[in-house]
Amino acid sequence: MSEAIIERTPSAYYYPLLIKNLLGNAVRQFPNQEIVYSDFKRQTYRTLGERVGRLASGLAGLGVKPGDTVAVMDWDSHRYLECFFAVPMMGAVLHTVNIRLSPEQILYTINHAEDDVILVNTEFLPILEAIRDRIEPVKKLVLLNDTDQTPATPLDIGAEYETLLAASDPNYPFPDFSEDARATTFYTTGTTGLPKGVYFSHRQLVLHTFGVLAAVTGTGQGHISRDDVYLPITPMFHVHAWGVPYVATVLGVKQVYPGRYAPDHLLRLIQRENVTFSHCVPTILQMLLASPTVDEVDLSRWKVIIGGAALPQALARQTRARGVDVLTAYGMSETCPILTLAQLKPHMLDWDEERQLEIRCKTGLPVPMVELRVVDEEMNDLPHDGKTPGEVVVRAPWLTQGYLKDPRNSEALWRGGYLHTGDIGVIDEEGYLKITDRLKDVIKTGGEWISSLELEDLILKHPAVAEAAVVGIPDPKWGERPLALVVAKRDQPVDEAAIRAWLQDFADKGIISKWGIPDRVLFVEAIPKTSVGKLNKKAMREQYAQLLQAR
Ligand code: AMP
């Protein structure tokens with residue numbers, strides 16, 4: 001192809017897509033807009049701008065250079081937001097450490113990412129103390145402290161965050177550099193093997209910000225505007241809190257960072273700060289609605305995007321009953337993360353509540369610039385009929401270009417030039433994707449594939465069920481059979497036969513195959529979860545592997 005490449009006037013400025021360009025106008029145009037940190041701090045966008053400069057000057061004073069890696073171990077805070085900007089803006093890489101991993105895994109990620117400086121909240125000092133002899137080489141530590149006390153620790157603390165900022169110049173000359181420079185790194189929280197590092201460039205984060213902005217900005221169902229108040233409830237260490245802090249900053253909205261998550265604290269913040277927009281995983285939403293204080297809070301102005309796992313219809317209905325605009329999003333660590341959003345199309349706004357609910361619980365429409373396909377094993381597109389399942393593969397400007405220092409898994413992720421999500425889904429006539437399973441969680445029984453997510457959704461509709469998970473476990477005759485783990489609601493009698501009869505009813509109506517009815521339904525106190533609150537199906541499969549073997 002011989003396309004006409006544009007000519008560049010020698011003096012023309014070639015504008016790189018850099019994270020610093022997301023911040024400047026927001027600070028200038030909304031200097032008095034608020035940023036709140038839990039019960040600890042209130043500041044403005046003007047202060048954010050100054051503190052970002054101070055942080056960069058302070059880190060440079062500690063020896064941080066372009067290309068170095070700065071790790072953060074903190075709760076969601078105004079400090080974390082400052083790091084989201086200052087660290088990449090100075091040309092360094094921000095490593096957001098998943099503080100819910102085991103100390104051994106945290107050690108692995110710190111060494112693998114080759115962190116040069118670690119900013120650590122006093123609460124996480126014990127983790128670093130436990131692994132300090134094996135961190136290589138020894139890092140400079142900056143303490144993040146929400147108390148007045150200086151902690152006693154054998155670690156060599158290089159600086160305290162507030163003291164460092166107070167002593168540093170707010171006017172840091174943030175340079176221009178390649179938009180392909182690495183801005184962030186973090187590790188997947190998968191349940192198998194060692195954590196895998198993913199990474200995103202300035203260009204990718206800027207384009208993700210604008211892709212998401214294009215999808216969410218506006219008024220009406222599933223949209224946000226400058227008047228909204230934002231409270232993230234997915235951790236900033238996990239896929240940059242879905243990249244939404246960047247979106248919120250460009251929009252110039254009031255932002256509220258909650259610190260450690262506790263349901264009544266989150267509800268109190270929603271009430272006190274008039275929060276209108278959040279995102280979280282279904283488990284957190286469930287916890288908020290189950291909190292004894294939920295009735296004291298008016299949630300009727302709240303919009304919440306649910307992702308990280310499927311949104312069960314029963315939970316969506318319960319949420320809608322409080323007047324919340326609830327909808328699903330989909331993505332993964334490897335995809336920055338947002339790929340789809342389940343906003344209603346204009347003609348659906350006239351539909352009745354139940355039909356709308358179904359759309360809200362789908363996985364959504366791809367946001368601008370995301371090319372999303374559902375394919376068979378030979379990468380052929382499958383029909384958009386809402387029922388033919390295949391693997392979801394994607395292209396977008398913001399997908400990780402590989403796993404850090406791991407060419408073999410990187411090639412597998414990108415085989416055939418599309419990023420393989422490892423998720424199975426169907427696309428309907430309207431273009432909405434619905435994830436039906438993880439490739440590795442689908443239950444293969446006899447010749448059939450059973451969707452564990454669909455079964456969970458149906459079991460959760462039973463009035464006595466609080467939580468449910470379905471996994472496939474080995475069966476001598478059928479290969480695998482579904483096993484359901486159920487947490488019953490307190491004081492609500494329910495037994496195995498009742499759940500099986502409940503599902504039989506859906507099978508009789510042709511909604512699920514009769515092979516989908518689990519052979520066993522076990523009632524448990526709690527269902528194993530991963531470090532980010534998702535169902536840990538690997539742990540469940542391992543725990544119950546022998547259950548059906550003796551038959
Ligand atoms: P992670 O990389 O830990 O963020 O996990 C990403 C995975 O979570 C995806 O590959 C999906 O399996 C799952 N996931 C995320 N969002 C959804 C959703 N809306 N519905 C179903 N599964 C989801």
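Two strands count as paired here if DSSP finds at least two bridges between them. With that in hand, let's walk through this model, which is a predicted one.

Strands of a sheet pair through backbone hydrogen bonds, either parallel or antiparallel. For a parallel example, look at strand S10 (residues 229-232) and strand S12 (residues 277-280), which are joined over 3 bridges. Here you can find Pro232 standing opposite His279 in S12.

Now for another sheet. This one is open too, with 7 strands in the order S7-S6-S5-S3-S4-S8-S9 and mixed pairing. Its edge strands are strand S7 (157-160) and S9, each pairing on one side only. From one strand to the next, the twist averages 25 degrees. Inside this sheet, strand S4 (residues 93-96) and S8 run parallel and are joined by 2 bridges. Check His95 and you'll see Thr185 in S8 opposite. Helix H3 (residues 78-89) lies across strand S3 (69-73), S4, strand S5 (117-121), strand S6 (140-144) and S8, running at about 150 degrees to S4.

Let's step back to the domains. The protein is divided into domain 1 (21-201), domain 2 (261-438) and domain 3 (443-550). The C-alpha centres of domain 1 and domain 2 lie 28 Å apart, and the contact takes 18 residues from domain 1 and 20 residues from domain 2. The size of an interface is often given as the accessible area lost when the parts come together. Between domain 1 and domain 2 the buried area is about 1500 Å², with carbon and sulfur atoms giving 54% of that. On the domain 1 side, Lys196, Tyr199 and Phe200 supply 34% of the area buried against domain 2, more than any other three residues. There are also 4 salt bridges across the interface of domain 1 and domain 2. Elsewhere on your tour, look for the salt bridge that Asp39 forms with Arg272, where the closest N and O atoms are 2.9 Å apart.

A few single residues are worth a visit. Thr188 is in the loop between strand S8 (182-187) and strand S9 (197-201). Is Thr188 buried or exposed? Its relative accessibility is 9%, so Thr188 counts as buried, since buried means under 20%. Beyond its sequence neighbours within four places, Thr188 is in contact with Pro195, Lys196, Val198, Ser333, Glu334 and Tyr403.

His208 has its place in helix H7 (residues 202-216). With a relative accessibility of 1%, His208 counts as buried as well. Not counting residues up to four places away in sequence, His208 touches several others, among them Trp242, Thr335, Pro337 and Trp398.

Finish with Leu453, in helix H15 (residues 452-460). At 22% relative accessibility, Leu453 counts as partly exposed. Leaving aside neighbours within four places in sequence, Leu453 is in contact with Ala310, Ile435, Thr436, Asp437 and Lys537. Leu453 and Arg438 are 15 residues apart in sequence, and their C-alpha atoms are 9.0 Å apart in space.

Definitions and conventions
Residues numbered from 1 in each chain as written. Predicted model: local features only at pLDDT ≥ 70, side-chain atom pairs only at ≥ 80, totals over all residues. Heavy atoms only, no water. Helix = DSSP H or I, 4+ residues; strand = E, 2+ residues; numbered from the N terminus. Buried < 20%, exposed > 50% of the residue type's maximum accessible area, 1.4 Å probe, protein only. Contact = heavy atoms within 4.5 Å. Axes fitted to C-alpha atoms, helices over the stretch in contact; angles between N-to-C directions. Domains from an automatic or database assignment. Buried area = accessible area lost by both parts, 1.4 Å probe. Salt bridge = Lys/Arg side-chain N within 4 Å of Asp/Glu carboxyl O.
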